[in-house]
Structure formats: structure tokens, C-alpha cells
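This report describes the architecture of a single protein chain. Please consult the sequence and the model shown here while reading.

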Amino acid sequence: MNDELKKAAIFERSTRKVILTGSETAEQAKEAEEQQVMIPRPPTFKDVHQQRIHFKQRLAAGFRLLAKFGWDEGVAGHATVRDPEYPDLFWVNAFGQHFGTIKASDLVLVDHDGNIVRGNRFVNKAAFVIHGTIHAARQDVQCAVHTHSMYGKTFSSLGRPLLPISQDACAFFEDHSIYDQFGGVVFDAEEGKRLVAALGPKNKAIILQNHGLLTTGESIDAAFWWFVSMERCCQSQLLAEAAAVNGYHDLKVIPDDIARGTYQKVGTPLSGYAQFQPMFDMIIKEQPDCLD
């Protein structure tokens, strides 16, 4: 277990020997004591075929969650994952398909220029202009998520970053940026390059002014969790500013050193991966056909 996992663990296996009367034998108690304590961590794969299936199923489940939360908006919005065998290609949702109907088998494989490699439906041009540029520039990004969620696009009109006003908001402390050059629907490759420059070489999220949120992750799970969390943090700050007499000037902001330390607990790739697991388990139980 690495240091980050040790810090994430609440308890280790107890050395106390007990037998639960009425439900266990001595042998069953011994077996229970020897079981490994499970901590969420990204899986490993024997081959790229199984990894590709996993990626596509995870991406489809993420779309179902966006739909469940009401974050679909007509034909707007897209999420991509880099193919495990061909990293210069990525899987994306087909244009005009409602997030709530997307299955793993519906995803389309495209190159950075938007040419279709697998699939029989075309894709949103903005998807490959934005995501293709991100995947090309940031080799650490496995997945990128963008859609026009209500609080994200509302908060984006302020042209300001999120403040560390809560533990959850600290996950984005010094790890997101603002793109303040809204130039309409992103169909221009140069616009995509400017957006990626604003995202920077390390940030996991960006607030697109007058547009909405975009999050990235080293895993699909983390990218979707950052989007969920960032949307809710935008909602939280909007509510806090509305409730305060002097708006954001009255907010009690967490000191930088505390926010930075909290980030190390809630803002890491492993934390993002772990946070997504309960939602993934819920959505595949409710909508198992997304894995097809």
C-alpha cells in the first residue's frame, strides 16, 4: 500500500480476535480476520481489449450520471476518453444522442481532426476541437468532460475562480484556471489552442467564461467526479455570495496553507477516483444497460 492509500485508510485490520456468536464458527472468524481490507484503486488489465471495454463502459456510465443530474442540454456537451491502444484516438459521444440513452456500444472513435475511425454517427465538431487539442497537448489526461450545467455556466459569467470556502472547494485550490476569451461555439482550431493554453500544463479543470466547466482526469472516474464536484462548488459559492450582505467580500475563505493541505487529501487523482465509485455503483444498478 503506498503512502497516499495509507493516508486514505480510516482503519487497518484489528488484531483483536472475536467470534460473532450465532453467526460464525471459529473457522469462519479466522477466515474473516484474514480478508484483505479493500481500498478503491484503479484496476489493472491483462490486455488492451479488456481495458478498452472498461473505458467505454465507464464513459457511458458517466454520461448516464450527467443525465440523471440534469446536466444535458440539447446537443451540447461531450466527454472523451483516450483509447488505451491508440493514444492519438479517443472515444466520444455521438452528436445529438441524449446522455440518458448512451451505451458503451454507442460511442464513436475519432482522431484529433474529427475523422471517424469506428462508429456510424457523426460527432459534435466542438468535441474534437476542444478535446482533441487537450488530448494532444496533455498526455496525462485520459478523460475530459464538458457540458452546459446550470450552476457551472452561471458561475462562469463572473469570470472568477472558485474560492476555498469549503473542504470540497479545496479540491480545486491552485488547480483550475479561467478562460476569458469566449469566442462563440468552439469550431476554430485556434480557439481550441487558446483554451488549452489557459488550462495550462497541470490544471485539472478550467472555467470557460460565459460558457461552462471543463474537467480532466488521469482516469475517467476522476474526470467525472471533478465535474460533479466543481458544479456543486459553483452552486455553493453562488448561494453563499447571494446570502452575504457584501457578496463574495463577506465569505470566510480558508487560509491558503490550510486549503493547500486539504487539497492533498481531497484533490488528488486517487481521491477523485475513489469519490466516483459510489455514483458508478449506483448508476449501473439503476441503469445496467449503459454497459452494453
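## Helices across the sheet

Helix α3 (residues 48-68) lies across β1 (78-82), β2 (89-92) and β5 (143-147), where contact means heavy atoms within 4.5 Å. The direction of α3 is at about 165 degrees to that of β1; axes are lines fitted to C-alpha atoms, for helices over the stretch in contact, and angles run from 0 to 180 degrees between N-to-C directions. Helix α7 lies across β1, β5, β6, β7 and β8 (212-217) and runs at about 150 degrees to β8.

Helices (H or I, at least four residues) and strands (E, at least two) are DSSP runs, numbered from the N terminus. The chain has 9 helices and 8 strands.

## Basis and confidence

This is a predicted model, in which local features need pLDDT of at least 70 and side-chain atom pairs count only at pLDDT 80 or more, while totals for chains, interfaces and linings use all residues. Residues are numbered from 1 along each chain as its sequence is written, and side-chain values use heavy atoms, with hydrogens and water left out.

The pLDDT, the predictor's confidence in each residue from 0 to 100, has a mean of 91 in the chain, and 94% of the residues reach 70 or more. Confidence is lowest in helix α1 (residues 3-8), with a mean of 53, and highest in helix α7 (residues 220-243), at 98.

## The sheet

An open sheet of mixed pairing is formed by 8 strands in the order β4-β3-β2-β1-β5-β8-β7-β6; two strands pair if DSSP finds at least two bridges between them. The edges are held by β4 (116-118) and β6 (176-179), each of which has a single partner strand, so one side of each is left without a neighbour in the sheet. On average, neighbouring strands of this sheet are turned by 25 degrees against each other, direction ignored.

I178 stands opposite I207 in β7.

## Helix α6

In helix α6 (residues 189-199), the residues E191, G192, L195, V196 and L199 are buried, that is, under 20% relative accessible area with a 1.4 Å probe, protein chains only. They lie on the same side of α6 because they cover an arc of only 135 degrees around the axis, based on the directions from the helix axis to the C-beta atoms. After α6 comes G200, which has a positive phi, near 85 degrees.

## Overall dimensions

Of the 292 residues, 47% count as buried. The C-alpha atoms fill a box of roughly 70 × 55 × 30 Å, taken along the principal axes.

Methods:
Buried means under 20% relative accessible area, exposed over 50%, partly exposed in between (1.4 Å probe, protein chains only).
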